[in-house]
Amino acid sequence: MGSNYTESEETRKRIEEDSEEEEEIEVDWGDWKEDDKEDEDDGLESGFLCLFCDAKYSSCDELFEHCRLSHYFDFDSIRTGLSLDFYASFKLINYVRSQVAENRCWSCGLTCQSNQDLQNHLHETTNFKDIKLLWDDEKYLKPFMQEDELLYSFGDGEEGEQDFDTSFDREELMRDLGNFQGICIDDETTKEKSASNTCTADEKGKEEVGSTFNGLLNMASSSQKMIVDSMDSREHIGAFDKKPKDKDLRVSLVNLSAKDIKRVNEDYFGSYSSFGIHREMISDKVRTDTYRQAILENPSLMKGAVVMDVGCGTGILSLFSAQGGASRVIAVEASEKMAAVATQIAKDNGLWCNTSLSGGSDLSTGVIEVAQCMVEELAKSVQIQPHSIDILVSEWMGYCLLYESMLSSVLFARDQWLKPGGAILPDTATMFVAGFGRGGTSLPFWENVYGFNMSCVGRELVQDAARIPVVDVVDDHDLVTNAAVLQTFDLATMKSDEVDFTATVELEPKLGSSTSKSELKSTTTWCYGIVLWFETGFTSRFCKEKPVVLSTSPYTPKTHWSQTIITFREPIALASGNFSANGPATVGTVACPATRLHLRISIARAVEHRSIDISLETAGVGSDGHKHSWPVQIFNLS
């Protein structure tokens, strides 16, 4: 009896303990539900933010219906038409938000002056396949807005097997995005940059920003504004401070962007550490002789002047300036190797000025001092007063003029260091455009290779060129239209944001007029795309004795810049004179050649630092006034 009683007593105690534990669990579960309910209420209050405007909606379905009706963006149709999985849809949302933040049309790439202008511009997109590549980039797996609840809810309405797959993808996505930590863990340099660039996110918030991955999980929101390369870009960053052990892993999107820019800059300046590229540039007689004439054959400009050479490379322009009588030349070069090379060259030619030595030293008789830094950081390296430079000289031009985005640095130097009324060399830049024919493509070469027909290669290359710009030399005989001015820049007065532009031009065929149908047939030609080139001017505004022009035109001797070739998806038939088609015919075909081409071209600095985006809208106009437009083409020169 005693033994049975003891077992019974122990059993009763265990039951009571289990019961108490169950009650505790129930209490905890209730608290969790209450917290969850509060979170739901908060989420409902914040709502889902529209991709294009400030409207908020309580459900994804309502938001996407609003986008379809008000902004011509049919998310469901795009997903269905392109069979987008969760990852691709996730990228699409981030891509659209990133474009809208820059007032850029998500489908055609046109950059507008304001969000309201963008709202008015938005249009229907019929051929989604042509623009799918725009967001097919791993960088769009990084949320553009940390607090973007839409990213984790747009698949909630799907049912059955598809719903299960979406849930699985999300978990996998979280793991994949977690890999960003391995790349973006703070180092001391990054922390210092973060401290200098980060503003107070919210008066009640903490002065910290969470990592991309932790921001995804915690969804605590704040925002801040950063300025990169003289451009405003908004980043929405999750503020987070959950666990002390995560402190060393915190990194903001500002740091991510700063690291990306730092990496691009290191690669960019590193590429100029190769002597081969400097030999190519110096050997370009059009380039080097033009600068030499502008500097040496304008003595009233150069004698006794204080000169700044931005991006000096080997220092050739600084050497010309010293030779021309400058009293002081500040050569700025970001590449550590090339700054050392420029210093040694100045020494070897007796033109180096060692500012660290006292006056009277034999080494201090020269006028050239080399600063190894970006011009934006020059004040840290050189003692120089603001607005104390007489002449700012730089060979800043890239392919298609604006590739490499060095013009922004030149304009920065102008605004910081150039005297009022000081000279900038060159002081003008002009972009031109013309249409090219079949000879400007690779088709003729591949049609007869030692007697063999390899035209399949040429056709594939032409198709590729319709997606990627080609930098090559075009013979002027292969131009089939007149040349037109696309854009002009006055470097003495322009603002940094004017580097990005949209312009419209009209091209006409380079054909003699014809009055009969038989004559027209002989003058019909095919336009395969457009050629872009530029000229820079050293005008009489500053170069009074010897104004000169540096041209990269197909009509002038070739340069290392060549020309930039943009290829149409399909060639367009052109003809001059009057022509009436027999029956209905599409403008731009052999049955109804276009007599004019209307082009709308936008060129803007791309998301990838130092790259540029080019959008091309093309319309053909027949002799009877009828028009035919082709789908917008988007290019990236990187």
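How many bridges join strand β13 (residues 501-507) to β17, and do they run parallel or antiparallel? Point 6 takes this up.

1. Basis. This is a predicted model: local features need pLDDT of at least 70, side-chain atom pairs count only at pLDDT 80 or more, and totals for chains, interfaces and linings use all residues. Residues are numbered from 1 along each chain as its sequence is written, and side-chain values use heavy atoms, with hydrogens and water left out.

2. Overall make-up. The protein chain has 19 helices and 20 strands. Both are DSSP runs numbered from the N terminus: helices are H or I with at least four residues, strands are E with at least two. Of the 638 residues in the chain, 47% are buried. Buried means under 20% relative accessible area, exposed means over 50%, and partly exposed lies in between (1.4 Å probe, protein chains only). The chain exposes about 32,200 Å², and carbon and sulfur atoms supply 49% of that area. Accessible areas come from the Shrake-Rupley method with a 1.4 Å probe; for residues, only the protein chains shown count as cover.

3. Contact range. Take contacts in the protein chain between residues at least 6 apart in sequence: 69% of them join residues at least 24 apart. A contact here means heavy atoms within 4.5 Å. Ile468 sits in the loop between α18 (455-465) and β11 (470-472). Its relative accessible area is 51%, so Ile468 counts as exposed.

4. Nonpolar cores. The largest nonpolar core has 93 residues. Such a core is a set of buried Ala, Val, Leu, Ile, Met, Phe, Trp, Tyr and Cys residues joined through side-chain atoms within 4.5 Å. Met308, Leu402, Val433, Leu486, Ile530 and Ile603 have the most contacts inside it. A second, separate core has 38 residues, including Val100, Leu122, Tyr152 and Phe154. Leaving out residues up to four places away in sequence, Leu486 touches Met431, Phe432, Val433, Phe501, Ala503, Val505, Leu532, Ile601 and Ile603.

5. Strand β8 and its neighbours. Of the 5 residues of β8, 4 are buried, so the strand is largely enclosed by the rest of the structure. Strand β5 (residues 306-310) pairs with β8 in the parallel sense over 3 bridges. Pairing requires at least two DSSP bridges between the strands. Asp309 stands opposite Val393 in β8. Strand β9 (residues 418-425) also runs parallel to β8, joined to it by 4 bridges. Here Val393 stands opposite Leu425 in β9. The chain crosses from β8 through α16 to β9, and this β-α-β crossover is right-handed. That is, with the strands pointing away from the viewer, the path from the first strand over the helix to the second runs clockwise.

6. Strand β17. To return to the opening question: 7 bridges join β13 to β17, and the two run antiparallel. Ala503 has Ile601 as its bridge partner in β17. Strand β18 (residues 612-621) is likewise antiparallel to β17, with 10 bridges. Arg596 stands opposite Val621 in β18. Strand β17 (residues 596-605) is mostly covered, with 7 of its 10 residues buried.

7. The whole structure holds 15 salt bridges. The criterion is a side-chain nitrogen of Lys or Arg within 4 Å of a carboxyl oxygen of Asp or Glu. Glu395 forms one with Arg287, the closest N and O atoms being 2.7 Å apart. This pair links distant parts of the chain: Glu395 lies in the loop between β8 (389-393) and α16 (407-417), Arg287 in helix α12 (residues 285-296), 108 residues apart. Glu395 is buried at 11% relative accessibility, and Arg287 is buried at 7%.

8. Partly exposed salt bridges. Arg541 pairs with Asp490, with 2.9 Å between the closest N and O atoms. The two are 51 residues apart: Arg541 is in the loop between β14 (525-538) and β15 (548-551), Asp490 in strand β12 (residues 484-490). Arg541 is partly exposed at 34%, as is Asp490 at 28%. Salt bridges with shared partners join Asp427, Asp490 and Arg541 into one network. Arg438 and Glu447 also form a salt bridge, at 2.0 Å from N to O. Arg438 is partly exposed at 34% relative accessibility, and Glu447 is partly exposed with a relative accessible area of 34%.
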